[in-house]
Amino acid sequence: MARALTAARVRVAPDHEVEYLRLLGELAGRERAAGRNLWLFRSAADPRQFLEFSECADAARHRSGTQRSMDEAALERRLRQLADYAPDADAVWSEVALCPVDSSS
């Protein structure tokens, strides 16, 4: 199966940033323990804007599609209360295998 990725654009109000970062850090630790990855990037142009990248071995195991524990589901709900997620935040992207190009011609 192809690797799966989501790239969620998120806006966080200044008064929610500390809790948002703490909760996302807790979720990232749980993701790592389950063999999944979660990365966070901040916009250089707009410090209130973030990109959350969630990645795993296949769509069935992805953060957006797996059966979550009650604790993980509560973390996700709280994150959605603290931050404004773009409408396509849960769109799953699947890895595409690239064909090697013969550079000798």
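Predicted model: local features only at pLDDT ≥ 70, side-chain atom pairs only at ≥ 80, totals over all residues.
A residue is called buried when its relative accessible area is under 20%, exposed when it is over 50%, and partly exposed in between, using a 1.4 Å probe and protein chains only. Residues are numbered from 1 along each chain as its sequence is written, and side-chain values use heavy atoms, with hydrogens and water left out. Helices (H or I, at least four residues) and strands (E, at least two) are DSSP runs, numbered from the N terminus.

**Strands and their pairing**

- Strands count as paired if DSSP finds at least two bridges between them.
- Strand 1 and strand 3 run antiparallel to each other and are joined over eight bridges; within this pair, Ala4 stands opposite Cys56 of strand 3.
- Strand 2 also pairs with strand 3 in the antiparallel sense, over six bridges.
- Leu38 has Ser54 of strand 3 as its bridge partner.
- A hairpin is formed by strand 2 and strand 3, with six residues between them.
- In a regular strand the side chains alternate between the two faces of the sheet.

**Helix 1**

- Helix 1 covers residues 17–33, which makes 17 residues. Its first and last C-alpha atoms are 24 Å apart, close to the 24 Å expected at 1.5 Å a residue, where the expected span is 1.5 Å times one less than the number of residues.
- The buried residues of helix 1 are Glu17, Tyr20, Leu23, Leu24, Leu27, Ala28 and Glu31. Seen down the helix axis they fall within an arc of 145 degrees, so they line one face of helix 1; the arc is that of the directions from the helix axis to the C-beta atoms.
- Val18, Arg32 and Ala33 are exposed on the other side of helix 1.
- The buried residues of helix 1 pack against strand 1 (4–12), strand 2 (37–42), strand 3 (49–56), helix 2 (70–82) and strand 4 (83–85), contact being defined as heavy atoms within 4.5 Å.

**Helix 2**

- The 13 residues of helix 2 should span 18 Å at 1.5 Å a residue, which agrees with end C-alpha atoms that are 18 Å apart.
- Glu72, Leu75, Glu76, Leu79 and Leu82 are buried in helix 2. These residues cover an arc of only 125 degrees around the axis, which puts them on the same side of helix 2.
- On the other side of helix 2, the exposed residues are Met70, Arg77 and Gln81.
- Strand 1, helix 1 and strand 4 are among the elements that cover the buried residues of helix 2.

**The nonpolar core**

- A nonpolar core is a set of buried Ala, Val, Leu, Ile, Met, Phe, Trp, Tyr and Cys residues joined through side-chain atoms within 4.5 Å.
- The largest such core has 16 residues, of which Val10, Tyr20, Leu79 and Tyr85 touch the most other members. Strand 1, helix 1, helix 2 and strand 4 are the elements that give two or more residues to this core, and helix 1 gives the most, with five residues.
- Leu79 touches Tyr20, Leu23, Leu24, Leu27, Arg63 and Tyr85, not counting residues up to four places away in sequence.

**Salt bridges**

- The structure holds eleven salt bridges, each being a side-chain nitrogen of Lys or Arg within 4 Å of a carboxyl oxygen of Asp or Glu.
- Arg42 forms a salt bridge with Glu17, with the closest N and O atoms 2.9 Å apart. The pair links distant parts of the chain, as Arg42 lies in strand 2 and Glu17 in helix 1, 25 residues apart.
- Arg42 is partly exposed, with a relative accessible area of 40%, whereas Glu17 counts as buried at 14% relative accessibility.
- Glu31 forms a salt bridge with Arg36, the closest N and O atoms being 3.0 Å apart, and both Glu31 and Arg36 are buried.
- Salt bridges that share partners join Glu19, Arg22, Glu26, Arg30, Asp71 and Arg78 into one network.
- Within helix 1, Arg30 and Glu26 lie four residues apart, about one turn of the helix; the closest N and O atoms of their salt bridge are 3.5 Å apart.
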